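Reader: I have a model open and I want to learn how to read it. Can you take me through some features, one at a time?

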Amino acid sequence: MKIAIAQLNPTIGDLVGNSAQILVAAEQCFEQKVSLLITSELSLCGYPPRDLLLHDDFIKEMAISLEKLAQALPKELAVLVGTVEANPQSEITGGKPLFNSAALLQNGKIQQVFHKRLLPTYDVFDEDRYFEEGDRSNIFILNLSSGQDLRIGVTICEDIWNDYKFWGKRLYTSDPVTDLAQQSVDLLVNLSASPYAVGKPKLRESMLSHSVIAHNLPVIYTNQVGANDDLIFDGNSLGLNRQGQVIARCLGFKCDLLILEYDLVRKDLIPQSSEDSVAKEENYDQLAEIWNALVLGVQDYGKKCGFKKVVLGLSGGIDSALVAAIATEALGNTNVLGVLMPSPYSSDHSISDALELAKNLEISTEIIPIAPMMSAFDCALAKIFTGLEDDVTEENLQSRIRGNLLMAIANKFGHLLLSTGNKSEMSVGYCTLYGDMNGGLAVISDVLKTRVYALCEWLNRDREIIPKNILTKSPSAELKPNQIDQDSLPEYEILDDILEKLISDRLSISQIIQTGHDPQVVKRIVQLVNRAEFKRRQAPPGLKISDRAFGSGWRMPIASKRTSLESSS
């Protein structure tokens with residue numbers, strides 16, 4: 001028998017459009033005599049719907065859409081659709097009003113509904129805010145035309161992530177996979193919306209393989225693809241046989257429809273042919289993975305928010321160069337505008353490097369010198385600033401002038417403004433509020449500076465896209481004569497290592513010092529990170545590619561005498 005994975009890219013709240021995607025996949029499956037089609041978690045409404053779930057009319061519309069979809073699907077085909085179901089007992093029991101569910105649709109009806117049992121409430125997840133836990137194992141019997149039956153266990157995303165032996169700890173008291181294995185199911189399926197982080201696809205695959213071998217139970221894992229706000233979903237759906245081997249794998253970062261073969265005699269997933277149905281292990285390229293994630297993030301953010309064109313400032317530096325390259329790949333060179341805004345402190349190479357980059361990418365440019373505006377501000381502030389030396393105030397004014405110009409262009413032409421700050425800068429506040437932080441999307445705000453360089457080197461692997469001088473010159477904001485970043489910051493290799501240990505590894509100050517870093521440097525960096533919280537709170541949404549990003553999963557206080565980052569000295 002054939003079972004299919006529909007790796008789809010839903011738009012949050014687009015019940016009509018998402019239903020149409022599912023229907024198209026189902027019709028293709030029907031033509032190929034597929035018995036069961038599996039979609040991803042909340043495939044009907046898109047994940048994560050967040051506070052849309054607090055609106056009763058949205059929940060009612062979803063129920064109506066599910067009924068309509070059931071009636072429109074090919075009758076013989078069984079389809080698992082991720083959806084939300086109201087909890088009729090919530091007012092009596094005091095429980096949450098909704099369930100995160102999977103609905104089994106067949107023969108024009110909703111045959112069964114299964115509820116997610118483990119609700120993640122950490123990092124970017126906040127499911128306990130909306131959902132009630134399911135209280136039983138989810139099993140259905142798939143009746144086949146051959147007269148045979150297949151017992152299928154249904155799990156939803158987090159349900160499959162509580163393998164104590166794999167993680168060495170438990171986040172929840174129950175383990176839905178173990179419960180299903182003890183009830184003699186023939187196959188386990190998982191409807192997932194697992195956000196991307198660097199290396200997570202391989203980690204996910206290792207976890208699934210471990211679980212399959214432990215329970216001697218084949219698994220079909222269906223993951224959402226696409227980007228919704230700050231979250232990127234990589235897809236990489238797959239099927240594993242009882243030996244924990246990957247039988248087939250969907251494309252990463254793209255929509256896909258994958259048909260798997262289940263052998264009813266062996267009760268296992270098998271390759272469809274003797275040639276190459278078994279997915280081969282590709283050479284893992286972390287930088288390619290990050291690139292694909294960022295491109296998808298920009299592409300979907302623009303599309304789903306209604307933007308066709310983007311604008312960004314081109315400084316001649318490496319950060320804006322990388323963002324321009326990502327935007328060009330995501331939206332096409334005719335939809336990217338680079339704006340050069342030289343000041344009296346801008347070097348000649350900043351302009352020439354930016355123009356060379358634009359030529360390589362074949363994007364349009366505009367040049368707007370900001371010296372007249374700088375003079376106007378100096379004049380306007382001369383009286384109140386009498387007797388005071390120039391300092392960071394005047395530097396920030398340059399950045400804010402540029403930010404205003406970019407916002408004016410974005411407003412006038414309806415473009416999306418992309419901000420170009422990296423994670424290293426965002427961490428320590430080496431950025432200007434209402435200046436270079438302006439924008440609708442912070443493309444590389446979760447990419448450390450050293451990784452920015454690595455991505456640009458990777459991008460140049462076949463031909464020069466990022467001009468060599470951009471890669472080799474000392475990074476500088478060019479807000480005063482002969483300025484370089486290292487006037488204010490440690491070398492980026494040192495800074496990024498401290499930030500990685502502090503933010504991602506959550507080490508204390510003393511633990512970071514013990515790894516060999518200068519105590520005074522560590523303490524200063526931690527102080528800068530804490531002080532910059534108010535800036536990050538006002539930044540545009542940034543694409544998440546790490547386990548710990550400054551986005552929906554980052555909940556640090558602004559006004560606090562002692563933050564968790566300073567919990568140990």
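Author: Start in a loop. Pro-48 sits in the loop between strand 2 and helix 2 (56–72). Keep in mind that this is a predicted model.

Reader: What is the peptide bond from Tyr-47 to Pro-48, cis or trans?

Author: The general idea comes first. Most peptide bonds are trans, and most residues other than glycine have a negative phi. Here the bond from Tyr-47 to Pro-48 is cis, and its omega is near 0 degrees.

Reader: Where is Arg-50, and what is its phi?

Author: Arg-50 is in the loop between strand 2 and helix 2. Its phi is positive, near 50 degrees, and Arg-50 is not a glycine. Arg-50 counts as partly exposed because its relative accessibility is 25%.

Reader: Now strands. Which strands pair with strand 1, and in what sense?

Author: Strand 1 pairs with strand 14 (residues 256–263) in the antiparallel sense, over six bridges.

Reader: What unit do strand 1, helix 1 and strand 2 make?

Author: Strand 1, helix 1 (residues 15–31) and strand 2 form a β-α-β unit, and the unit is right-handed.

Reader: Why is strand 1 (residues 2–7) called largely enclosed by the rest of the structure?

Author: Count the buried residues. Five of the six residues of strand 1 are buried, so the rest of the structure largely encloses this strand.

Reader: What is Val-154 in contact with, leaving aside its neighbours within four places in sequence?

Author: With those neighbours set aside, Val-154 contacts Leu-80, Ala-102, Phe-114, Asn-138, Phe-140, Leu-180, Val-189 and Leu-191. Val-154 and Val-177 are 23 residues apart in sequence, and their C-alpha atoms are 9.0 Å apart.

Reader: On to helices. Which residues of helix 15 are buried?

Author: First the idea. An α-helix has 3.6 residues a turn, so residues three or four places apart point the same way. In helix 15 (492–504), the buried residues are Tyr-492, Leu-495, Asp-496, Ile-498, Leu-499, Lys-501, Leu-502 and Ile-503.

Reader: What covers the buried residues of helix 15?

Author: The cover includes helix 12 (423–428), helix 13 (449–459), helix 16 (509–514) and helix 17 (519–531). After helix 15 comes Arg-506, with a positive phi near 60 degrees.

Reader: Is Glu-533 buried or exposed?

Author: Glu-533 is buried, because its relative accessible area is 4%. Glu-533 is in helix 18 (residues 533–537). Apart from neighbours within four places in sequence, its contacts are Trp-554, Met-556, Pro-557 and Ile-558.

Reader: What about empty space? How many cavities of 30 Å³ or more are there?

Author: Rolling a probe the size of a water molecule over the atoms shows where empty space is left. The count is five cavities of 30 Å³ or more. The largest cavity has a volume of about 50 Å³. Its lining includes Ser-419, Met-426, Asp-436 and Pro-540. By class, that lining has five nonpolar, three polar and one charged residues.

Reader: And the second largest pocket: what is its volume, and which residues are closest to its centre?

Author: The second largest pocket has a volume of about 920 Å³. It is lined by 31 residues, and the closest to its centre are Tyr-122, Asp-123, Lys-200, Leu-203 and Asp-547. Helix 6 (200–215) and helix 15 are the elements that give two or more residues to this lining. By class, the lining of the second largest pocket has 13 nonpolar, five polar and 13 charged residues.

Terms used
Residues are numbered from 1 along each chain as its sequence is written. This is a predicted model: local features need pLDDT of at least 70, side-chain atom pairs count only at pLDDT 80 or more; totals for chains, interfaces and linings use all residues. Side-chain values use heavy atoms; hydrogens and water are left out. On a 1 Å grid over the protein atoms alone, a cavity is a set of points where a 1.4 Å probe fits but cannot get out, and a pocket is an open set with protein on both sides within 12 Å along at least five of seven lines; lining residues have an atom within 4 Å of a point. Grid points are joined across faces, edges and corners, and a volume is the space filled by probe spheres set on the points. Ala, Val, Leu, Ile, Met, Phe, Trp, Tyr, Cys and Pro count as nonpolar, Asp, Glu, Lys and Arg as charged, and the others, Gly among them, as polar. Contact means heavy atoms within 4.5 Å. Helices (H or I, at least four residues) and strands (E, at least two) are DSSP runs, numbered from the N terminus. Buried means under 20% relative accessible area, exposed over 50%, partly exposed in between (1.4 Å probe, protein chains only). Two strands pair if DSSP finds at least two bridges between them. A crossover is right-handed if, with the strands pointing away from the viewer, the path from the first strand over the helix to the second runs clockwise.
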